[in-house]
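Please walk me through this model step by step, taking the salt bridges, the helix packing and some individual residues in turn.

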Amino acid sequence: MATYDFPSDLRDTQLALHRSRAAYEEYARTLPWSAEALPGWEAEKQLHSGFRSSKLDSPGYTEEQHAEVARFQAELLELSITVSTHPFWEQVEQGQVVDARMQLKHQHEAPEAP
């Protein structure tokens, strides 16, 4: 597997993308199950099980929640575009782009070199 010398601005933007995605997912866990107000439901009993899946009524998102979701989505889109259109990718051999992209995505998991 080849190693790549990613420019610092590309590494920093990828890390910002990871952090923004994690923050968005954490925020999304606090939201109601539906963005719009919807009634709850209970499914039919499943074969060979007494379990019935169900959801309580969803009040929908507040205006502030809709705005925060839109802010996160715009930020994630901007960061994704910045990473994917970075001039570095023009230097990578065509057959190696996927490998390089995967290394960049997981570079934050690797221990820092001395």
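**Salt bridges and helix packing**

Arg71 forms a salt bridge with Glu68, their closest N and O atoms lying 2.9 Å apart, where a salt bridge is defined as a side-chain nitrogen of Lys or Arg within 4 Å of a carboxyl oxygen of Asp or Glu. The structure is a predicted model, in which local features need pLDDT of at least 70 and side-chain atom pairs count only at pLDDT 80 or more, while totals for chains, interfaces and linings use all residues. Residues are numbered from 1 along each chain as its sequence is written, and side-chain values use heavy atoms, with hydrogens and water left out.

The two partners are 3 residues apart in helix 2 (residues 63-84), so Arg71 and Glu68 are separated by about one helical turn; helices (H or I, at least four residues) and strands (E, at least two) are DSSP runs, numbered from the N terminus. Arg71 also forms a salt bridge with Glu75, and here the closest N and O atoms are 3.0 Å apart. Arg71 and Glu75 both belong to helix 2 as well, at a separation of 4 residues, or about one turn of the helix.

The C-alpha atoms of Glu68 and Gly95, 27 residues apart along the chain, are separated by 39 Å.

By the same rule the count comes to 3 salt bridges, and one of them is formed by Glu25 with Arg21, whose closest N and O atoms are 4.0 Å apart. Both Glu25 and Arg21 lie in helix 1, 4 residues apart, about one turn of the helix. Glu25 is partly exposed, with a relative accessible area of 40%, and Arg21 also counts as partly exposed, at 39% relative accessibility.

Helix 1 is also involved in packing. Two packed helices are described by the angle between their axes and the distance between the axes. Helix 1 and helix 3 (residues 97-106) pack at an angle of about 65 degrees, with their axes 9 Å apart; the axes are lines fitted to C-alpha atoms, for helices over the stretch in contact, and angles run from 0 to 180 degrees between N-to-C directions. The contact, meaning heavy atoms within 4.5 Å, is made by Leu10, Arg11, Gln14, Leu17 and His18 of helix 1 and by Arg101, Leu104 and Lys105 of helix 3. Helix 1 passes helix 3 in a right-handed crossing, a crossing being left-handed if the near helix is turned anticlockwise from the far one by less than a right angle, and right-handed if clockwise.

Two further residues of helix 1 deserve a look. Thr13 has its place in helix 1 and counts as buried because its relative accessibility is 17%. Leaving aside neighbours within four places in sequence, Thr13 is in contact with Leu79, Thr82 and Val83. Ala23 lies in helix 1 too, but counts as partly exposed, at 34% relative accessibility. The C-alpha atoms of Ala23 and Phe72 are separated by 8.6 Å, although these residues are 49 residues apart along the chain.

Trp33 is placed in the loop between helix 1 (8-28) and strand 1 (41-42), and Trp33 is partly exposed, with a relative accessible area of 37%. Together with Leu38 and Trp41, Trp33 makes a nonpolar surface patch of about 300 Å². Patches are made of residues with over 30% relative accessible area and no salt bridge, like charges being joined within 9 Å and nonpolar side chains (Val, Leu, Ile, Met, Phe, Trp, Tyr) within 5 Å; accessible areas come from the Shrake-Rupley method with a 1.4 Å probe, and for residues only the protein chains shown count as cover.

His48 has its place in the loop between strand 1 and strand 2 (54-55), and counts as exposed because its relative accessibility is 76%. Phi of His48 is near 65 degrees, a positive value in a residue other than glycine. Most residues other than glycine have a negative phi.

Technical notes
Buried means under 20% relative accessible area, exposed over 50%, partly exposed in between (1.4 Å probe, protein chains only).
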